[in-house]
Amino acid sequence: MIDWSGTGGYGCYRIPTLVRTEPGTLLAYAEARTSPSCADRGAIDIVVRRSTNEGRTWGPVRVVLSGENGDPEAPFTHGNPAPVAEENGKSHLLSIGEPATPGAGPREAFVQTSEDDDLTFGPPRPASRLRPELGGWLGTSPAHGIQLKNGDHPGRLVVGAYQGRNDKDQYAGVLYSDDHGATWHPGASQNSLQDDRLKPGEAAVAELTDGRVYVGARNEVSSLHRAYALTGQDGTTTPAFKSLPVTTANTQASLLTLRKTYDKKEGDTLLMAAPSSSGDSGTDRRDLRLYAWNTSAAQTAPNGDPIPDWKPVGDLVKPGKSGYSDLAELTNGEIGLIYESGNLPGMSAGADWSAATVNFRRIDPRPLFTYTTEGKPAPGTTRPAAPTTPDASPHANDAYFSGDATLGAGRFGQGLQLDGAGGKADVPYGHSLDPGDGKFTYSLFFRHNAAATAEPAILLSAYGVTPDAPQVWIRAEPQANRILAHVQGTEGTAEVSVPGTAAFSGDAWKHLTLVRDGTKITLRVEDTTSTSQNGEVRGAVTSPPTAGNHGLGIGARVDTGYRPFKGGIDEVRLYRTALDKAQIDSLKDRNTTGTAEGHLTLRLPFHVIDKADAAALTAVSIAEDVAGKCVDGTVLGGVTPSSRVGGHIDTGALAVDADHPGVETPFHPNIDVGSRAFTYALWFKHKSSATTSPDQTLLWAYGENPEATTTPRLPSLGAVIEPKLNRVRAWAQTPQGRVEHLIPGPAGFGDDKWHLLTLTRDTAGFRLGVDRTLTAWTPLTGAFRPSDGTTPLGLRVGSKPGGGAPLTGAIDDVRHYDRAFTAAEVNGLVPGPGEMYEDPGNTDIRLRWSMEPGNVQEHSVTRPTATGQSTPDASEHCNNAYVKGAFSYDGRFGKGLKFNSTGGTVTLPYTETPSRYRTSSSVTAPTAAGPSAAPWTSSASTRRHSPALTSTPSRRRTSLPPAPSRSCTCRST
């Protein structure tokens, strides 16, 4: 598992894409969506994780693109990552961006370039639209792009793209670059829209053997859901798409041209990955599998084009829920697959949905095909979740702790403490740790108290373990009063040693370096340098990747053998160069070379342990605020198939009854109308009897029932259906007075047809509207705020606070505006015969629950245990906090929170802050027995994160040096 919904400060991770760079690094990109409902709008970042060992371990989540106009913290919607790697080592990331507030600006394409194997990226630059002369929805793939190898344009970069204007047209094709990604151009494309038959989107690309490009697309309007086109010889000119007779779910599919597995010639076999089933509902995404097309065996059409013949290969990759995916061919010929998945075995609680997790899997191609397969899978294992300590170099080669390895006092801050019983720190192999036959320097500090009779103990070992395998190791030999280093290449071995009483035993820290420069190795401990060398190092100190290499063992061998080290080790480093004396002196005294840090590929300062604590999932049913104002609603009673009904606006609406009594949100600054003008609007329908049906609630805001026998909570705004009185009634009550309006209608408009409710305040007063019928204005004074300064209730549609008087019907498209609708605007929403529907737009909008299926969903997220109460973030970042055991109290400004001795907490989940470090925090009250356990705890030596992350979970911006993030617990009295 690479990413887990609800972790790392994001509501979810979606739309994963994958590419392998020329050095062999795997880059897994994804949309990191801030919204807890995982909506494809609002603040969305593009993030990446790197793997340098074929996906066995992954580095931290790094933010590649966020914000806008130079402000990385400004909410902005980024998405559709489409990476492409060049043979020269450069890589490019194309993506789409638009303002976080829907409708505030167009969708545009951007490109970023990396020249250091994606450790850092340049700033985003504009790329081209597929059809620059047209507006409409624009998307890049989302899947990896390709660099052409065959045909008339080898070296050309090609990425899939699509663009359309709703029901007017739909184009799919490619964007391309002939200048190594500096500029991008649209390939020629044709309108492929065919009503109820064809609408290609989410275009992926794969090269054929003649240099043409197969463009595979999602077909959103066919039961088969796949479409394709073959470009011209230029690899960019795309004709109109055709339907593809392959049944998959209605979602994206990824493509890959295999180079190391083929029938007649390299590149003649294409792979496709997609969920193969829509389930019983017909709208599900299930049963991810691979399909293959052998183009060498393809039949041809009359025009000579090969006819796609996709066939399933192998077993299901992921039975059950699954979604978007991408493919890459690994260095050794294996197939790498990244994919969205539902809940995995062992995951606790939470609802199952198709993008609860993002996962990576290596697949051996040999069982899938009967023809030529070059290479073989490299031996190695995927490390399970375990305590780790982060690598502070840009390469994120984190170390795994085992045994009783822990942290204690080090040479600089903290260091690794080993008890000699087998505990150690392991760094899994990755190509950034592989010096091959080149120069290198290992550096570390150590301290131990060893008896003169003690057996040899390993300080560091790397790469090989068998006697004939290339390897490096350093060990303390107290009986020989020396430190011994062994460097074994493929063609020659050398050993050097430095004398020291009982192997430099004592309380003081000693600095050690081992340097290879050509055939010579040099060992230095403090200021003493080895003076003689037995043998010469020749060849690589690592085996070929297909033969397998171990990583680094610190304090013990990477397998078994020799006594584990007992003592302290600190600041383990690997430089891919030979440090000189001045640089080594600087390391010893100042913990930096000053001039060689660009060659650093590993640095373990041992300041933090990341503990792999399990994170429980919580199922949440959310109505997304598609206005982008952070006012998401909770769907009461959850989202079920029966709660989805056909809508009046667009396609979906929400069914409401006693078991599913609507949607609510707590009070939020964006629905705080005060004494200003406002409009609430929603569509409703119900079927009621004027003789038997009870009263039913449409909307309730700010306070409790003003007609209650107990002291009412004021202010209050609401609208109810009264079938027995054949009317809809609405009121507005502030501390200064109450206004009520009635509009008659049979059984309260209980004809099972859609009707528009509007509640409007202006300087003229308050009025009620049902459809085009509007009451007269009645003066209203005062603000919708309690006179005692307490926080009012929020907004609820479909029932009273507490669930009483539920609607038995459906609600659609709930909106709140910070202005009063005119009569003309209301009439535009309810057009008469021959008139056109006119949407009031997004000017001054503060809330919109569209009730569309994609915006009203039940998702699994990681949330702290809480009572269900929350306190909203008044900024634009939606960082709401969860409250347990605290209550409102007079604050420094208005109201605050009061804690007592029962252990109340206010928990702010980990999220993005404009500092170098990304922080989680929890304010916790002490219990009577002492400090309570916080949802996350941290000290200088421990840090907790979800097992979804196999290494440090910090959200690092690539423009900054990697640094660990921390959670903090602040306790109040």
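Trainee: What do the buried residues of H1 pack against?

Mentor: Four strands: S30 (440-448), S35 (506-517), S36 (520-525) and S41 (566-575). Keep in mind that this is a predicted model.

Trainee: Which residues of H1 are the buried ones?

Mentor: H1 covers residues 581-590, and Gln-583, Ile-584, Asp-585, Ser-586, Leu-587 and Lys-588 are buried there. Each of them is called that because its relative accessible area is under 20%.

Trainee: On to salt bridges. How many does the structure hold?

Mentor: It holds 44.

Trainee: Why is the pair of Glu-340 and Arg-14 called a salt bridge?

Mentor: The closest N and O atoms of Glu-340 and Arg-14 are 2.7 Å apart. The limit is 4 Å, so the pair counts. The two residues sit in distant parts of the chain, 326 residues apart: Glu-340 is in strand S23 (residues 335-341) and Arg-14 in strand S2 (residues 12-20). Both Glu-340 and Arg-14 are buried.

Trainee: What about Arg-156 and Asp-178: buried or partly exposed?

Mentor: One of each. Arg-156 has 7% relative accessibility, so it counts as buried. Asp-178 has 46%, so it counts as partly exposed. Their closest N and O atoms are 2.7 Å apart, and they form a salt bridge. Arg-156 lies in the loop between S11 (146-147) and S12 (157-164), while Asp-178 lies in the loop between S13 (170-177) and S14 (185-186).

Trainee: How do you know that Glu-536 is partly exposed?

Mentor: Its relative accessible area is 39%. Glu-536 and Arg-538 form a salt bridge, with the closest N and O atoms 2.5 Å apart. Elsewhere, shared partners join Arg-524, Asp-527, Lys-581, Asp-585, Lys-588 and Asp-589 into one salt-bridge network.

Trainee: Why does Ser-693 count as buried?

Mentor: Its relative accessibility is 11%, and the cut-off is 20%, so Ser-693 is buried. Ser-693 lies in the loop between S49 (678-686) and S50 (696-701). Leaving out residues up to four places away in sequence, Ser-693 touches Ser-688, Pro-723 and Lys-724. A polar atom of its side chain is also 2.7 Å from the backbone nitrogen of Ser-689.

Trainee: Where is the pLDDT below 50?

Mentor: The chain averages 85, and 87% of the residues score at least 70. Over residues 911-973, though, pLDDT is below 50, and this stretch still has 201 contacts in the model beyond near neighbours in sequence.

Notes: Residues numbered from 1 in each chain as written. Predicted model: local features only at pLDDT ≥ 70, side-chain atom pairs only at ≥ 80, totals over all residues. Heavy atoms only, no water. Buried < 20%, exposed > 50% of the residue type's maximum accessible area, 1.4 Å probe, protein only. Polar contact = N/O pair within 3.5 Å; in protein donor to acceptor, adjacent residues only side chain to side chain. Contact = heavy atoms within 4.5 Å. pLDDT = per-residue confidence, 0-100. Salt bridge = Lys/Arg side-chain N within 4 Å of Asp/Glu carboxyl O.
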